[in-house]
Amino acid sequence: MRAFVAEGLRDVANLAVGGMVFGQFLGERPFSVLVASAGVAIWMVLMSYAVFLRARKA
């Protein structure tokens, strides 16, 4: 079950960074460093938790 949740968290993390960092290049607004930083921070937190769940022994 933990492996399934960890894989889901990895997918959500990649969607977050994709939307908040790379998605800014598709919009009409100017690039925001704050939004990009938030996307990277969310990615780091979710990926760290996913790695924690995968490494944890049952």
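Trainee: In which helix is Leu34 found?

Mentor: Leu34 is found in helix H2, and a helix here is a DSSP run of H or I with at least four residues, numbered from the N terminus, while a strand is a run of E with at least two. This is a predicted model, in which local features need pLDDT of at least 70 and side-chain atom pairs count only at pLDDT 80 or more, whereas totals for chains, interfaces and linings use all residues. Residues are numbered from 1 along each chain as its sequence is written, and side-chain values use heavy atoms, with hydrogens and water left out.

Trainee: Why is Leu34 called exposed?

Mentor: Leu34 has 69% relative accessibility, so it counts as exposed under the scheme used here (buried is under 20% relative accessible area, exposed is over 50%, partly exposed is in between, with a 1.4 Å probe and protein chains only). In space, the C-alpha atom of Leu34 is 35 Å from that of Met1, the two being 33 residues apart in sequence. Phe4, placed in helix H1, is likewise exposed, with a relative accessible area of 65%.

Trainee: What makes Ala13 count as buried?

Mentor: The relative accessibility of Ala13 is 0%, and therefore this residue counts as buried. Ala13 lies in helix H1, and its contacts (heavy atoms within 4.5 Å) include Trp43, Leu46 and Met47, once neighbours within four places in sequence are set aside. Gly39, which lies in helix H2, is buried as well, with a relative accessible area of 0%, and, with the neighbours within four places in sequence left out, Gly39 is in contact with Val17 and Met20.

Trainee: Which residues make up the largest nonpolar core?

Mentor: The largest nonpolar core has seven residues, namely Ala6, Leu9, Ala13, Leu46, Met47, Ala50 and Leu53, and such a core is a set of buried Ala, Val, Leu, Ile, Met, Phe, Trp, Tyr and Cys residues joined through side-chain atoms within 4.5 Å. H1 and H2 each supply at least two residues of this core, and its largest share, four residues, comes from H2. One of the core residues, Leu53, touches Arg2, Val5, Ala6 and Leu9, not counting residues up to four places away in sequence.

Trainee: How do you know that the chain is more spread out than a compact globule?

Mentor: The chain has two helices and zero strands. Its radius of gyration is 14 Å, well over the 10 Å that the globule rule gives for 58 residues, so the chain is more spread out than a compact globule; the radius is taken over C-alpha atoms, and the rule is 2.2 Å times the number of residues to the power 0.38. Along its principal axes, the C-alpha trace spans about 45 × 15 × 10 Å, and buried residues make up 22% of the 58 residues.
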